[in-house]
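The sequence and the structure come first, and the notes follow.

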Amino acid sequence: MFIAQFVLTIYCDTYGLDWSYKTNFLTRALSWFLLGNYIHANQEKMMKWYSDTMLIVISGAGLVLSLIPIIFHTRINFSCIGVFFYAGTLFILSIKHEDLSLSKVIEYVGAKLSLNIYIFHVIIAGCMTVAVKKLLFVDTGSEIFLWIKPFITIGLTILWAYILEKQRIIQHIVKKTSN
């Protein structure tokens, strides 16, 4: 599945095709979901196979590989291949060191909000673009909007996921007290 994702992404990025051709659940998310399941199923083996040093080196190489087309404006954009190695090794490192917590906030967002963030971020980004264009008459193709949009989107999406999480907790408490 990753090979199909790589080919499709490289083709679309190289020829400037719309992102919707390469980004959907089947061509983008399913591969990562299956990789996560594979890593989880083989977690103990991977802990033994890969040292931290090896994982950090592979991750660094993946980061460099993903930046080469961006920095050097190569004719073919192959960043997604580097992202695979970069992200995959970071997944394994995070499992190896699950007791290490860099931030309680990030831990909470990952554990409690990430599913709703994943589900709603595209919807929120789309609604925000339409609202900004129709209500505020902002040029949504402008460079400044395109730079600001991801930050506003993630902020609104985290807020929405937090509201949904609190709603779920409140419903659980109400249901428990009524029994």
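Ile144 lies in helix H7, which covers residues 143–178; helices here are DSSP runs of H or I with at least four residues, strands are E runs of at least two, and both are numbered from the N terminus. The model is a predicted one, in which local features need pLDDT of at least 70, side-chain atom pairs count only at pLDDT 80 or more, and totals for chains, interfaces and linings use all residues. Residues are numbered from 1 along each chain as its sequence is written, and side-chain values use heavy atoms, with hydrogens and water left out.

Ile144 counts as exposed because its relative accessibility is 57%, where exposed means over 50% relative accessible area, buried under 20% and partly exposed in between, with a 1.4 Å probe and protein chains only. Ile144 belongs to a nonpolar surface patch together with Trp147, Ile148, Ile152, Leu156, Leu159, Trp160, Tyr162 and Ile163. The accessible area of this patch is about 890 Å² in total, computed by the Shrake-Rupley method with a 1.4 Å probe and, for residues, with only the protein chains shown as cover. Patch members have over 30% relative accessible area and no salt bridge; nonpolar side chains (Val, Leu, Ile, Met, Phe, Trp, Tyr) are joined within 5 Å, and like charges within 9 Å.

Not counting residues up to four places away in sequence, Ala161 touches Leu113, Asn116 and Ile117; a contact means heavy atoms within 4.5 Å. Between the C-alpha atoms of Ala161 and Trp32 there are 21 Å, and the two residues are 129 apart along the chain.

Glu165 is found in helix H7 too, and Glu165 is buried, with a relative accessible area of 6%. Leaving aside neighbours within four places in sequence, Glu165 is in contact with Tyr108, Lys112 and Leu113.

## Salt bridges

How many salt bridges does a search of the whole structure find? The search gives 2, a salt bridge being a side-chain nitrogen of Lys or Arg within 4 Å of a carboxyl oxygen of Asp or Glu. Side chains of opposite charge can pair when their charged atoms come close.

Glu165 forms a salt bridge with Arg168, and the closest N and O atoms are 2.9 Å apart. Both residues lie in helix H7, 3 residues apart, about one turn of the helix. Arg168 has a relative accessible area of 46% and is therefore partly exposed. Asp52 and Lys96 also meet in a salt bridge through their side chains, at 3.1 Å from N to O. This pair links distant parts of the chain, with Asp52 in helix H4 (residues 52–72) and Lys96 in helix H5, 44 residues apart. Asp52 is partly exposed at 28% relative accessibility, and Lys96 is partly exposed at 22%.

## Aromatic pairs

The whole structure contains 11 aromatic pairs. Rings of Phe, Tyr and Trp (its six-membered ring) pair if their centres lie within 6.5 Å; planes under 30 degrees apart count as stacked, over 60 as edge-to-face and the rest as tilted. Phe6 and Phe84 make an edge-to-face pair, 5.8 Å centre to centre with 75° between the planes. This pair links distant parts of the chain: Phe6 is in helix H1 (residues 2–14) and Phe84 is in helix H5 (residues 79–96), 78 residues apart. Phe6 and Phe84 are both buried.

Trp32 and Phe91 form an edge-to-face pair as well, at 5.9 Å centre to centre and 85° between the planes. Trp32 sits in helix H2 (residues 25–41) and Phe91 in helix H5, 59 residues apart. Phe91 is partly exposed, with a relative accessible area of 35%. One aromatic cluster takes in Phe2, Phe6, Trp32, Phe84, Phe85 and Phe91.

## The chain overall

The chain has 7 helices and 0 strands. Its C-alpha trace spans about 55 × 50 × 30 Å along the principal axes. Of the 179 residues, 25% count as buried.

Among contacts between residues at least 6 apart in sequence, 66% join residues at least 24 apart. The chain exposes about 12900 Å², and carbon and sulfur atoms supply 72% of that area.
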